[in-house]
Amino acid sequence: MPATHFRIETATDAAGDGIAALIAAVFTEYEDCPFVESEYSELTAVSQYYHALDGEIWIATSQMDQDVADAMGGGRIVGCLAIVPTLQADVCELFKMYVARDARGTGLAQRLYREAVFWAAARGMTTMRLWTDTRFASGHRFYEKSGFAKQPLIRYLGDAADSWEYLFVSSVQAPPK
């Protein structure tokens, strides 16, 4: 399915359950990586949460299912990405970068990432960073392909998944529209 078959829009607070379902599905792909809803309290009012941080969050839904989804009041979320400025001048951080297994390889992740790059560039950001679970190797490949460099830092979260994370950093360079 080409990336054009997905609709990307800013998330509303109502998207929290769909984002939770997406994250939970992605976590099932990894051994000993449980999704514990209480560790994601921001999803109860996800739009408000990121807007309070002067950030944004986008979701992607399948346009092929859109007629059915609209009739049911919303579609399955197949991708998401959030971004916020940091306390460090000209630096922003990505969060919640997830794409459903059946939507990978379609260009959807690149489209979501471009939204974040345009957002960052419009605000004069020069550096983008993100932390990602050490187990998410396919995500690491995507980040490196997108210009991120893995840093010599690792952190332990102490969460239910016993997560360790790598830091990736990139320059913000707005791609052509």
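A residue counts as buried when its relative accessible area is under 20%, as exposed when the area is over 50%, and as partly exposed in between, with a 1.4 Å probe and protein chains only. At 2% relative accessibility, Tyr 50 therefore counts as buried.

The structure is a predicted model, in which local features need pLDDT of at least 70 and side-chain atom pairs count only at pLDDT 80 or more, while totals for chains, interfaces and linings use all residues. Residues are numbered from 1 along each chain as its sequence is written, and side-chain values use heavy atoms, with hydrogens and water left out.

## Overall architecture

Helices (H or I, at least four residues) and strands (E, at least two) are DSSP runs, numbered from the N terminus. The protein chain contains five helices and seven strands. Read from the N terminus, its elements follow the order β-α-α-β-α-β-β-α-β-α-β-β. Of the 177 residues of the protein chain, 44% are buried.

Contact means heavy atoms within 4.5 Å. Among the contacts in the protein chain with a separation of 6 or more, 67% are between residues 24 or more positions apart.

Two strands pair if DSSP finds at least two bridges between them. Seven strands form an open sheet with mixed pairing, in the order S1-S2-S3-S4-S5-S7-S6. Its edges are strand S1 (6-10) and strand S6 (149-156), each of which pairs on one side only. From one strand to the next, the twist averages 25°. For such angles, axes are lines fitted to C-alpha atoms, for helices over the stretch in contact, and the angles run from 0 to 180 degrees between N-to-C directions.

Strand S6 and strand S7 (residues 164-171) run antiparallel and are joined by five bridges. In this pairing, Ile 154 stands opposite Tyr 166 in S7.

Helix H4 (residues 108-122) packs on the sheet, where it touches S1, strand S2 (56-62), strand S3 (77-85), strand S4 (91-99), strand S5 (127-133) and S7. The direction of H4 makes about 20° with that of S3. The expected span of a helix is 1.5 Å times one less than its number of residues. H4 has 15 residues and reaches 21 Å from its first C-alpha to its last, close to the expected 21 Å.

Which residues of H4 are buried? They are Leu 108, Ala 109, Leu 112, Tyr 113, Ala 116, Val 117, Trp 119 and Ala 120. An α-helix has 3.6 residues a turn, so residues three or four places apart point the same way. Just after H4, Gly 124 takes a positive phi of about 75°.

## Aromatic rings

Rings of Phe, Tyr and Trp (its six-membered ring) pair if their centres lie within 6.5 Å; planes under 30 degrees apart count as stacked, over 60 as edge-to-face and the rest as tilted. By this rule there are 14 aromatic pairs. Tyr 50 and Phe 95 form a tilted pair, with 6.4 Å from centre to centre and 45° between the planes. This pair links distant parts of the chain, since Tyr 50 is in helix H2 (residues 46-52) and Phe 95 is in strand S4, 45 residues apart. Phe 95 is partly exposed, at 29% relative accessibility.

The rings of Tyr 156 and Trp 164 also form a tilted pair, because their centres are 4.8 Å apart and their planes stand at 45°.

A charge sits over a ring if NZ of Lys or CZ of Arg is within 6 Å of the ring centre and within 35 degrees of the ring normal. Lys 150 lies over the face of Tyr 166, at 3.9 Å from the ring centre.

| Residue | Relative accessibility | Class |
|---|---|---|
| His 140 | 9% | buried |
| Asp 13 | 24% | partly exposed |
| Cys 92 | 0% | buried |

His 140 belongs to helix H5 (residues 137-145). Apart from residues up to four places away in sequence, His 140 touches Thr 132, Asp 133, Thr 134, Tyr 166 and Phe 168.

Asp 13 lies in the loop between S1 and helix H1 (16-27). The C-alpha atoms of Asp 13 and Glu 42 are 9.6 Å apart in space, although the two are 29 residues apart in sequence.

Cys 92 is found in strand S4. Its C-alpha atom is separated by 6.7 Å from that of Met 125, which is 33 residues away along the chain. Beyond neighbours within four places in sequence, the contacts of Cys 92 include Trp 119, Ala 120 and Met 125.
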